[in-house]
Amino acid sequence: MALQKPHTVVHSEGREIIANIIEKCDEEKTRKHLLLSLPKSTERAAMYAGVSYSTIKNIRKENKERKETNADNRLKSPGKKRRVISRNIVSVDDFDKCVIRNVIQDFYVTEKRVPTIPKLLPIVKSKINFPWGKASLRRVIKSMSFKWKRCQSKRKILIERPDIVEWRAKYLVKMKAYREERRPVFYIDETWVDSNLTFRKCWQSSDVMGIQTNYNSNNRLIVVHVGSKRGFLPNAQLIYKAGCTTGDYHGQMNSQNFEKWTMQQLIPNLPPQSVIVLDNAPYHSIQIDKPPTPYSVKQDMLSWLHKKGAECNEDMRKTELYALIQPLKPKEKIFKFDNIVAGYGHTVLRLPPYMCDLNPLELAWSKMKRFIRECNVTADLSLEKLRATTIDAIRNVTAEDWDGFCRHVETLEKQYWEKDDIVPDVIDSIIINLDTDSDSDNEASSDVSSSSSSSSSSSSSSSSPPPRKTSTEHSTSTVR
């Protein structure tokens, strides 16, 4: 072992070990014998250094390996190459994701620049509350189905998923047809409120405390409602205490609650021939007669085939069973909610993914939550007080507000018509496959933007615009 070079600084931890060795050596000098016998070398080294027995064993092993390899380097400090687990939790709601997506879109359409993470981050921070850095923004953008793709100019850029662009185009065509028919359009959405919903900044001084915040509130309410140009639909609001399920409010709603609310509060209050616009949350997209996937249990495949009257038996392999399933699969997916409301003469139109800006309820939620923040100075509202404040906040959103929200959405729809003429130029090398299979309820509706009854689909087809170019001719159809 090489001696330490002169004038080398010994740091505090090493000095403590040396001091302990000096004490033990002085004690042995006084007693005129070793404190431990010579065979107990490991125990004596641990006693001298003032460390544990296992530490001496590990260092002895590492030192032996170093001598065998004739390495001159020092022993390494343990734990320096351990994997660092990021503890930053990025919480971005649907509205903020929509803002991020619009920022990326503006780079292409308005600024004519390539959006990169360093360029996007300061703009995103200026528009929404985003206290995280570039790595977190990259994760959020990837979760929104954006990806890096090499375009024809050989430059890497962020592009929107082509099937979502196609879905948006179909949505705009159908919405335009329904508006021309003067059918009433109603929007459905859910949100949450809790007792720590307060402003994060306020006017305050040394003697005026201002707003108090509380990050450990257990009082959370789920709010479900419907709205249109005339305001919130009367008698349709649903407010209930959230359960203990973790995650966002989509994790705290289920298909049973949603179906019960549909039958008792939504359908009885809708005018005839209404168009219902909603997102693709799992409890909105329960599929009827869902065919098995290649990864389904064999018994489920057999049961589904027996219901269809197909000849099959237990001796057949899953690949053989799935080959029988494919020609029997329905051409369009039928969702339970769509089927229920179609029986009452209404039509369902599903929003494209990550397009919550086309739902005016998001603007109504924003005004509602601002009212609650203004009334919640101490952040300690009881559940009853929170419910009463939420009801007052809903009443505070007037019919005039709703008219403005809906006009804003119509303006956005017109802008998307114009933008969709430009975006295909960026991604015209991609061919869209609209028959992609998916076995998750949340993504089940990605192949078909909405499924309605035969009567409603025939009425919309009679008033729909002329047929557009297919996706095999262009990556995204140009809607004019």
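This is a predicted model: local features need pLDDT of at least 70, side-chain atom pairs count only at pLDDT 80 or more; totals for chains, interfaces and linings use all residues.

Visitor: What share of the residues counts as buried?
Guide: 40% of the 480 residues of the protein chain. Its accessible surface is about 28,700 Å², with 51% of that belonging to carbon and sulfur atoms.

Visitor: How much of the contact set joins residues at least 24 apart?
Guide: 69%, counted among contacts between residues at least 6 apart in sequence.

Visitor: What makes a group of residues a nonpolar core?
Guide: The members must be buried nonpolar residues joined through side-chain atoms within 4.5 Å. The largest such core has 38 residues. Tyr171, Tyr187, Val193, Phe232, Val277, Leu358 and Trp402 touch the most other members. Elements giving two or more residues to this core include helix H7 (162-180), strand S3 (185-194), strand S4 (220-228) and helix H14 (399-419). H14 gives the most, with 7 residues. Apart from this core lies another, of 24 residues, among them Ala242, Trp261, Leu270 and Ile276.

Visitor: Which residues does Val193 contact, leaving aside its neighbours within four places in sequence?
Guide: Asn219, Arg220, Leu221, Val223, Met368, Lys369, Ile372, Leu386 and Thr390.

Visitor: How do you know whether the span of H14 agrees with its number of residues?
Guide: Take 1.5 Å a residue, and the 21 residues of H14 should span 30 Å. The end C-alpha atoms of H14 are 30 Å apart, so the two agree.

Visitor: Why are the buried residues of H14 placed on the same side?
Guide: The buried residues include Asp401, Trp402, Phe405, Val409, Leu412 and Tyr416.

Visitor: What in helix geometry lies behind that?
Guide: An α-helix has 3.6 residues a turn, so residues three or four places apart point the same way.

Visitor: Why is S4 called largely enclosed?
Guide: Because 8 of the 9 residues of S4 are buried, the rest of the structure largely encloses the strand.

Visitor: Which strands pair with S4, and in what sense?
Guide: S3 pairs with S4 in the antiparallel sense, over 8 bridges. Tyr187 stands opposite Gly227 in S4. Strand S6 (residues 238-241) is joined to S4 by 4 bridges, also antiparallel. There, Lys241 is the bridge partner of Leu221. Strand S5 (residues 231-232) pairs with S4 over 2 bridges, antiparallel. A hairpin through 2 residues joins S4 to S5.

Visitor: Which way do S7 and S8 run?
Guide: They run parallel, joined by 4 bridges. Val277 stands opposite Leu349 in S8. From S8, Thr347 and Leu349 point one way, while Val348 and Arg350 point the other way. All four are buried.

Visitor: Why is Lys32 called exposed?
Guide: The cut-off for exposed is over 50% relative accessible area. Lys32 has 75%, so Lys32 counts as exposed. The residue is in the loop between helix H1 (12-31) and helix H2 (41-49).

Visitor: Why is Asp289 called partly exposed?
Guide: Partly exposed runs between under 20% for buried and over 50% for exposed. Asp289 has 33% relative accessibility, so that label applies. Asp289 is found in the loop between S7 and helix H9 (298-307). It has a positive phi of about 55° although it is not a glycine.

Visitor: What makes Arg113 and Thr398 partly exposed?
Guide: Arg113 has a relative accessible area of 37%, so it is partly exposed. Arg113 is in the loop between helix H4 (94-109) and helix H5 (117-127). Beyond residues up to four places away in sequence, it touches Phe107, Tyr108 and Lys119. Thr398 has 31% relative accessibility, so Thr398 counts as partly exposed too. Thr398 lies in the loop between H13 and H14. Its C-alpha atom is separated by 8.4 Å from that of Phe232, 166 residues apart along the chain.

How values were computed
Residues are numbered from 1 along each chain as its sequence is written. Side-chain values use heavy atoms; hydrogens and water are left out. Buried means under 20% relative accessible area, exposed over 50%, partly exposed in between (1.4 Å probe, protein chains only). Contact means heavy atoms within 4.5 Å. Accessible areas come from the Shrake-Rupley method with a 1.4 Å probe; for residues, only the protein chains shown count as cover. The expected span of a helix is 1.5 Å times one less than its number of residues. Two strands pair if DSSP finds at least two bridges between them.
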